[in-house]
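Biologist: Hello! Could you show me the model, and may I ask some questions about it?

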Amino acid sequence: MDKCNIIRLNNLISYISPTENPLSANVVMIQGKEALWLYDVGNHPDIPQIIEQFRDGRNVNVILSHFHEDHTGSLPDISCNEIYQGKYTYRHTGRGVVVQDDIYIQDGDVSLHIFSLPSSHAKGCVALEVNEEWCFLGDGLYAMQKYGHNLYNTGILKEEINVLQNVKAEKFMLSHRTPFEKPKGIIMRWLGEIYDRRVKGEVYIEV
């Protein structure tokens, strides 16, 4: 079994590294005054204990990027006060807040912007912008796997690009990637190049 490592981004934000065995996504820990905020909870048995060490008596609030198990598997073992998620993820959790409109929360020195993200990878993805500096995107920028192919839905990709263009943060954080942080400009060019491969009349773009 792979070991979880804790990496610090600044004095307010750290993350638990992703693992391959078991498959577990990045778990972002954001230290507000009233709550410890988590973006995704991963799927590794060591994660709940790490969360307890970081909560420091505060509430724990969870934002789930989407419903895949490597992002949500640890949820039953984490004591949390609130969950923010898309409607398709809510079908798996059965509790919490369904993100429909943009949500803005101030918790001490932490400014949170929770918003829906159109995505080919999974329905109902949710992203998190922190202090207009960091934007956590989960797997939302990746393709879907269908019939043995990696595909983007052309219309959804266009919607996603439009949403991301309005994000103020310049640091985009993509789960499972090393390094975790990618410059917004590079990511926008990458998505634009994929969109430019579209063929008129075709629903999907293969990558």
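Modeller: Gladly, and a definition comes first: a charge sits over a ring if NZ of Lys or CZ of Arg is within 6 Å of the ring centre and within 35 degrees of the ring normal. This is a predicted model, where local features need pLDDT of at least 70, side-chain atom pairs count only at pLDDT 80 or more, and totals for chains, interfaces and linings use all residues. Residues are numbered from 1 along each chain as its sequence is written, and side-chain values use heavy atoms, with hydrogens and water left out.

Biologist: Thanks! Over the ring of which residue does the charged end of Lys171 sit?

Modeller: Lys171 also forms a salt bridge with Glu133, at 2.8 Å from N to O; the term means a side-chain nitrogen of Lys or Arg within 4 Å of a carboxyl oxygen of Asp or Glu. That pair links Glu133, in the loop between strand 12 and strand 13, to Lys171 in strand 16, 38 residues apart. The charged end of Lys171 lies 4.2 Å from the centre of the ring it covers, that of Trp134.

Biologist: Is Lys171 buried, partly exposed or exposed?

Modeller: Buried means under 20% relative accessible area, exposed over 50%, and partly exposed in between (1.4 Å probe, protein chains only). With a relative accessible area of 23%, Lys171 is partly exposed.

Biologist: How many residues apart are Lys168 and Glu132?

Modeller: The side chains of Lys168 and Glu132 meet in a salt bridge of 3.4 Å, N to O. Lys168 lies in the loop between helix 4 (154-165) and strand 16, while Glu132 lies in the loop between strand 12 (125-130) and strand 13. Helices (H or I, at least four residues) and strands (E, at least two) are DSSP runs, numbered from the N terminus. The pair links distant parts of the chain, and the separation is 36 residues.

Biologist: Now the aromatic rings: is the pair of Phe136 and Phe180 stacked, edge-to-face or tilted?

Modeller: Rings of Phe, Tyr and Trp (its six-membered ring) pair if their centres lie within 6.5 Å; planes under 30 degrees apart count as stacked, over 60 as edge-to-face and the rest as tilted. By this rule the count comes to four aromatic pairs. Phe136 and Phe180 have ring centres 6.0 Å apart and planes at 45°, so the pair is tilted.

Biologist: One more: is Asp40 buried or exposed?

Modeller: Asp40 is in the loop between strand 6 (35-39) and helix 1 (47-55). Phi of Asp40 is near 70°, a positive value in a residue other than glycine. Its relative accessible area is 0%, and Asp40 is therefore buried.
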